[in-house]
Amino acid sequence: MENTKTKEAGGMPAPTKKNSQLKTIGKRYLKNRLAVFGLVLFLVLIILSLGAGLFADYEADAITHNMQARLQPPGADHLFGTDRYGRDVFARVLFGGRISLLVGTLTILISLAGGSLIGAAAGYYGGKVDNILMRIMDVFLAIPSILLAISIVAALGNGMMNLMIALSVSSVPRFARIVRSSILTVKGQDFVEAARAYGCRNRKIILYHILPNAIGPIIVQATLSMANTILMISSLSFVGLGLPSSIPEWGSMLSEAKEFMRYDPYLIAFPGIAIVLAVMAFNLIGDGLRDALDPKLRN
Amino acid sequence: MATPILETRNLTKYFKTARGNLHAVDDINLSIEKGKTLGVVGESGCGKSTLGRVILRLIEATGGEILFEGKDLRTLNARQMEGMRQQLQIIFQDPFSSLNPRLSVSEIITDPIRTNKLLTGKAEIQERVVELMHTVGLSDRFINAYPHELDGGRRQRIGVARALALNPKFIVCDEPVSALDVSIQAQILNLMMDLQEQRELTYLFITHDMSVVKHISNQIMVMYMGQCVEVSPTEELFEQPMHPYTQALLSAIPVPKLQRDRKRRHLVRGEVTSPVNPLPGCRFAARCPHARPECTGEVIPLTERGPGHFVSCVLPVR
């Protein structure tokens with residue numbers, strides 16, 4: 001390549017060696033301390049929950065009832081105390097992370113993909129396509145998302161896969177709306193017309209020229225949905241449609257602990273903190289990604 | 001006379017609005033010879049930009065023909081049109097919205113080349129990008145810069161380079177200099193004229209700036225509310241403007257002279273009348289100082305009043 005490091009007086013910063021787009025974005029991301037912190041936090045949570053077996057035994061500590069040791073405060077034996085059935089809260093938080101993080105992350109990714117597709121098509125093509133797609137989305141939006149998820153799980157049956165499908169479907173309309181509106185703001189700009197003038201196909205225009213410019217609000221929405229999704233899992237479990245209540249999962253631990261909030265607040269604190277940390281990690285990652293993807297904010 | 005590279009016949013574009021058809025481009029017949037420039041002037045909203053986009057089929061016309069090298073572009077299907085797009089390019093007015101802020105300069109110039117598969121090798125493309133940047137007077141140290149890091153003039157040069165990347169024969173220049181400082185305007189105009197000479201480019205040059213259009217055009221078309229009211233070779237138009245609207249436009253050019261005779265200025269009063277479902281007849285009549293009863297009611301055809309000088313007006317030559 002012909003990139004020599006030349007620097008003219010008073011001019012632009014000299015071009016650095018051209019990296020692949022991905023590398024540049026990665027570099028920019030790593031420069032953002034908070035974003036790196038978010039990523040590290042997220043990785044720690046993932047590692048802890050995947051490596052939960054090293055600290056505790058799933059069957060013995062997180063599932064089996066042990067009524068002699070119920071409601072013990074945090075201490076040497078039980079780092080986070082025990083719940084009303086004598087299960088170790090520390091073990092349950094660790095194992096619970098597997099489901100909360102996995103289902104949460106996958107749900108976000110699926111609904112992001114689906115919502116982007118629908119929203120982009122509606123926003124870009126406009127007219128009839130827009131009307132048809134968005135009216136369908138409106139129908140979904142009209143139903144409270146929790147009810148929608150409940151009816152989908154009820155129809156498909158219990159199970160983690162169905163749970164994810166239900167949660168994704170119920171959050172797709174929100175994504176579609178946001179993607180559509182950000183597409184609309186970008187679509188009218190001249191560079192889109194220029195791309196059409198040199199023969200770009202619609203799909204490439206949407207993916208290459210429009211979506212990257214509309215990514216900001218989409219990422220924000222995705223990170224905000226994370227907390228929502230984790231809590232939705234627990235709501236579904238609560239009505240008996242998510243996962244069996246014995247399976248540890250942050251949201252359901254939280255709702256179970258409600259009754260003990262007054263005298264055993266640690267029960268609600270630990271899963272709560274876990275959710276907060278996960279959501280925070282997600283938000284920081286989201287913000288970092290948004291900034292890293294925007295060339296205007298580099299350095 | 002040489003055969004024109006681009007011709008339009010009865011080219012028409014109506015936008016449907018709630019109140020009726022908005023006549024943005026109404027029955028435009030133009031023809032441009034290879035290597036020449038047709039300037040299109042008129043006030044804001046007269047349909048100049050729409051005309052440019054309709055010719056490139058970025059907006060579909062309502063009726064008429066667009067003959068490029070004798071072929072009617074409007075009869076081509078999407079695939080065939082894709083092949084044609086290499087020949088027809090556009091340069092935009094706003095150097096800020098015309099470049100994708102997420103792409104670097106090299107990506108912006110590369111994309112048309114990649115899209116049309118003109119070159120495939122990475123090194124070849126890179127070489128071509130550098131060559132194009134030099135052609136438009138940009139230092140190749142900007143190759144990895146992003147548009148927001150460059151000033152308006154440089155950004156506009158990128159826009160020109162992107163248009164040139166496909167070796168087009170015909171370029172629609174949609175007010176390419178109106179968003180720039182006067183000093184930069186001159187640079188870009190000179191660049192465009194040099195390029196025209198070197199590559200035998202044909203321009204449709206849209207502007208509202210009479211001095212710019214005088215500088216660059218061989219022929220000028222004056223538009224008013226979607227219609228062509230006067231078309232003429234450049235010098236002829238400036239020496240002998242015949243349509244009252246053209247006269248008004250010309251007299252509005254500011255002249256930096258203190259003791260200037262102010263009597264001869266024809267300032268146009270009033271607002272543009274609605275372009276929705278206009279009545280037949282001269283659309284300028286409502287604002288025209290010479291309006292007569294025969295101005296309205298019937299379509300006033302363009303008539304030849306001099307060599308290559310067509311005017312749509314009932315007034316006799318004065």
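This is a predicted model: local features need pLDDT of at least 70, side-chain atom pairs count only at pLDDT 80 or more; totals for chains, interfaces and linings use all residues.

Chain A is built with 13 helices and zero strands, and 41% of its 299 residues count as buried.

**The fold of chain A**
- The C-alpha trace of chain A spans about 75 × 50 × 30 Å along its principal axes.
- Take the contacts in chain A with a separation of 6 or more: 67% of them are accounted for by residues 24 or more positions apart.

**Where chain A touches chain B**
- Chain A brings 25 residues to the contact, and chain B brings 29 residues.
- On the chain A side, helix α9 (residues 190–197) gives the most, with six residues.
- Sorted by class, the side of chain A that touches chain B has eleven nonpolar, seven polar and seven charged residues.

**The largest nonpolar core**
- Which residues touch the most other members of the largest nonpolar core? They are Ala161(B) and Leu204(B), in a core of 155 residues.
- Helix α5 (residues 89–125) of chain A supplies the largest share of this core, 16 residues.
- Leaving out residues up to four places away in sequence, Leu204(B) touches Ile32(B), Leu38(B), Val40(B), Gly52(B), Ile55(B), Val172(B) and Cys173(B).
- As background, nonpolar side chains tend to be buried together in soluble globular proteins.

Methods:
Residues are numbered from 1 along each chain as its sequence is written. Chains are lettered from A and ligands numbered from 1 in the order in which they are written. Helices (H or I, at least four residues) and strands (E, at least two) are DSSP runs, numbered from the N terminus. A residue is buried if 20 or more other C-beta atoms lie within 10 Å of its own, exposed if 12 or fewer, and partly exposed in between; C-beta atoms are placed from the backbone. Two residues are in contact if their C-beta atoms, placed from the backbone, lie within 7 Å. Ala, Val, Leu, Ile, Met, Phe, Trp, Tyr, Cys and Pro count as nonpolar, Asp, Glu, Lys and Arg as charged, and the others, Gly among them, as polar. A nonpolar core is a set of buried Ala, Val, Leu, Ile, Met, Phe, Trp, Tyr and Cys residues joined through C-beta atoms within 7 Å.
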